[in-house]
Structure formats: structure tokens, C-alpha cells
Amino acid sequence: MKSLSMALFVLVAAGLAGQAAASPELAKSKNCMGCHAVERKMVGPAYKDVAAKYKGDKKAAEALAATIKAGGSGKWGPVPMPPNNVTDDEAKKLASWVLSL
């Protein structure tokens, strides 16, 4: 039983690590990194600043995914973020990754 529990833990951990590792690549493939960086402000805010702003907000992932998909303005200054060509699932993955930073 102990071996089964350990095997299950390893599989879940590997799956989560794979999902987290895929998010920076997804951000690059969707051109998010053209305006954002993890550590510093570019055209848009640094992803770490976004994560800090929404820390503890239980609705942040849903709201951020909606903004990623539809675009937005006024939250981080005068430069609007255009809508992004992402699926709902991709927007959720990107939002989860940003909020994990």
C-alpha cells in the first residue's frame, strides 16, 4: 500500500511539474512575452507583480483568464492589453502559471 501511495504521489507531482513547465513555453508561443516578462515591467506589468497584486484573491484566476482572452485596459496604466488568440483552457493555464509566481 505504501508503494502504491508513493507511486501515485510521484505521478501527480510529475503531472503538475509538466503543466507548470509548459506555461512559460505557452506564454512564448502566444507572444505574451513580447509585452511581459516574469521579473520586470515591459509594455505590460511583470508577471510577478500581477501575482502579487492578486495574491489571496480567490476569483483572480478566473478574472485573469478572462482578461488574457478578451484583453483589458486601465488596471496597469494607459496601455491596453489586446485580446489574445487563446482557448479557454490555454487562458486558464496561463493565469494559473502567472498567479503561481
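Let's start with Tyr47, which is buried, with a relative accessible area of 7%. Please keep in mind that this is a predicted model. In general, a pair of aromatic rings is described by the distance of the centres and the angle of the planes. The count for this protein comes to one aromatic pair, so what does the pair tie together? Tyr47 belongs to helix H2, residues 47-53, while Trp97 belongs to helix H4, residues 88-100, so the pair links parts that are 50 residues apart in sequence.

If you find Lys53 on the screen, its charged end sits over the ring of Trp76, 4.4 Å from the ring centre.

The protein has four helices and zero strands, and from the N terminus on, its elements read α-α-α-α. Buried residues account for 26% of the 101 residues. If we take contacts between residues at least 6 apart in sequence, 47% of them join residues at least 24 apart.

How do H3 and H4 pack? Helix H3 covers residues 60-70, and its axis lies 8 Å from that of H4, at an angle of about 125°. The two helices are therefore oblique to each other, and H3 passes H4 in a right-handed crossing. For those of you who like to click on residues, the H3 side of this meeting consists of Ala60, Ala61, Leu64, Ala65, Ile68 and Lys69. Facing them from H4 are Asp88, Ala91, Lys92, Leu94, Ala95, Val98 and Leu99.

I'd like to finish with a loop residue. Where is Asn31? You'll find Asn31 in the loop between helix H1, residues 2-29, and H2. Most residues other than glycine have a negative phi. Asn31, though, has a positive phi of about 65° although it is not a glycine. And is Asn31 buried or exposed? Asn31 counts as exposed, at 60% relative accessibility.

So we began with a buried tyrosine, Tyr47, and we end with an exposed asparagine, Asn31. Thanks, everyone!

Terms used
Residues numbered from 1 in each chain as written. Predicted model: local features only at pLDDT ≥ 70, side-chain atom pairs only at ≥ 80, totals over all residues. Heavy atoms only, no water. Buried < 20%, exposed > 50% of the residue type's maximum accessible area, 1.4 Å probe, protein only. Lys NZ or Arg CZ within 6 Å of the ring centre and 35° of its normal. Axes fitted to C-alpha atoms, helices over the stretch in contact; angles between N-to-C directions. Parallel < 35°, antiparallel > 145°, perpendicular 65-115°, else oblique. Left-handed = near helix turned anticlockwise from the far one by under 90°. Contact = heavy atoms within 4.5 Å.
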